[in-house]
Amino acid sequence: MNFEEERKRLVYALKSEGIIKSRKVEEAFLAIPREHFVPEHMKLYAYADSPLPIGFGQTISAPHMVAIMTEELDVQPGDIVLEVGTGSGYQAAILAYITSKGGGHVYTIEKIGSLTKIAINNIAKAAPQLLDFITFATGDGSKGLEIFAPFDKIIVTAAAPTIPEPLLRQLKPGGRLVIPVGSRWEQILQIVDKTSSGGIRIRDSVPCVFVPLVGEYGWSNYVYDY
Ligand code: SAM
């Protein structure tokens, strides 16, 4: 399989559909080989526009959702970004590709330690030059990552019942948080802006379906609480 051709085809499709809008997101999608972020037996589907299992009951998000979230985050070169939900590391690599151009940095936190290790290995294979621009942490990201706060941008790639208060606190004035909020089964992607005076403005983006954010400010580990 010619992964480079597949990647170009996917980017072309996402651009034609108006999902990839900016040059910087297009360049990041073309630069980061998604085949390194899926398990060996899934590589054939690396460029299908759908989520794929990555083990531990978790998924790598569909490319269109990564594109929508990256565009909505409005990530800029030089930004200091927090990602909650490292998973495969693909979204972190896309973000680091953009922020590193201006000397920015991505902090990414994952609750499953084995996934943190897999993500580091994936990025080491796919884009080793980005490792200097990404800090990995294992823990409950629903509490944010206080020691590295504040952040210009925060992206949560798991579904929260409500917007976690620590994330609002750890966002810089003028900063933006992108987060799926709703039930365990379906959510709306919310775009949360903190104004320069510290006020909060929330806009609904697209409907979406994410695995749950499990933690102190997310869902409890019990299944079936609505
Ligand atoms: N961004 C990932 C990627 O590019 O592959 C996809 C993330 S996957 C949809 C959601 C991830 O959030 C899972 O790996 C899950 O373990 C993680 N997660 C859930 N609750 C979390 C929490 N409280 N803190 C950190 N990570 C969490």
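**Exercise 1. The largest pocket**

How much space lies in the largest pocket? Describe also the lining of this pocket in the predicted model.

*Solution.* 
Step 1. The largest pocket holds about 580 Å³ of space.
Step 2. Its lining is made up of 38 residues, of which Thr-59, Thr-157, Ala-158, Phe-210 and Val-211 are the closest to the centre.
Step 3. Sort the lining by residue type: 19 residues are nonpolar, 14 are polar and five are charged.
Step 4. Assign the lining to secondary structure. At least two residues each come from strand E2, helix H3 (63-73), strand E3 (80-84), helix H4 (90-99) and strand E4 (105-110). Helix H3 gives the largest share, with four residues.

**Exercise 2. The setting of Ile-60**

Determine in which strand Ile-60 lies, whether Ile-60 is buried or exposed, and which residues Ile-60 touches.

*Solution.* 
Step 1. Ile-60 belongs to strand E2, which covers residues 58-60.
Step 2. Residues under 20% relative accessible area are called buried. Ile-60 is therefore buried, because its relative accessibility is 3%.
Step 3. Leaving aside residues up to four places away in sequence, the contacts of Ile-60 are Arg-34, Phe-37, Val-38, Pro-51, Leu-52, Ile-54, Ser-88 and Tyr-90.
Step 4. Consider also a pair that is 78 residues apart along the chain: the C-alpha atoms of Ile-60 and Thr-138 are separated by 17 Å.

**Exercise 3. The surroundings of the ligand**

State which residues come nearest to the ligand, and give the distances from its nitrogen atoms to backbone atoms of Gly-85, Gly-139 and Gly-141.

*Solution.* 
Step 1. There are 27 residues around the ligand, and the nearest are Ser-88, Glu-110, Asp-140, Gly-141 and Val-214. Ser-88 is also one of the residues that Ile-60 touches.
Step 2. For Gly-85, a backbone N or O atom is 2.9 Å from a ligand nitrogen atom.
Step 3. For Gly-139, the corresponding distance from a backbone N or O atom to a nitrogen atom of the ligand is 3.4 Å.
Step 4. For Gly-141, a polar backbone atom lies 2.8 Å from a nitrogen atom of the ligand.

**Exercise 4. Helix H3 and the residue after it**

How many of the residues of H3 are buried? Describe then the residue Asp-74.

*Solution.* 
Step 1. Of the 11 residues of H3, 10 are buried, and the helix is thus mostly covered. Among them are Pro-63, Met-65, Val-66, Ala-67 and Ile-68.
Step 2. Just after H3 comes Asp-74, in the loop between H3 and E3.
Step 3. Asp-74 is not a glycine, yet its phi is positive, near 55 degrees.
Step 4. Asp-74 counts as partly exposed because its relative accessibility is 36%.

**Exercise 5. Backbone angles in two loops**

Give the phi of Phe-56 and the omega of the peptide bond from Ala-149 to Pro-150, and locate Phe-56 and Pro-150.

*Solution.* 
Step 1. Phe-56 has a positive phi of about 60 degrees, although it is not a glycine. Its place is the loop between strand E1 (52-55) and E2. With a relative accessible area of 46%, Phe-56 is partly exposed.
Step 2. The peptide bond from Ala-149 to Pro-150 is cis, and its omega is near 5 degrees. Pro-150 is situated in the loop between strand E5 (134-138) and strand E6 (151-156).

Key:
Residues numbered from 1 in each chain as written. Predicted model: local features only at pLDDT ≥ 70, side-chain atom pairs only at ≥ 80, totals over all residues. Heavy atoms only, no water. Buried < 20%, exposed > 50% of the residue type's maximum accessible area, 1.4 Å probe, protein only. Contact = heavy atoms within 4.5 Å. 1 Å grid on protein atoms, 1.4 Å probe; cavity = no way out; pocket = protein on both sides within 12 Å on 5 of 7 lines; lining within 4 Å. Points joined across faces, edges and corners; volume = space filled by probe spheres on them. Nonpolar A, V, L, I, M, F, W, Y, C, P; charged D, E, K, R; others polar. Near = heavy atom within 4 Å. Polar contact = N/O pair within 3.5 Å; in protein donor to acceptor, adjacent residues only side chain to side chain.
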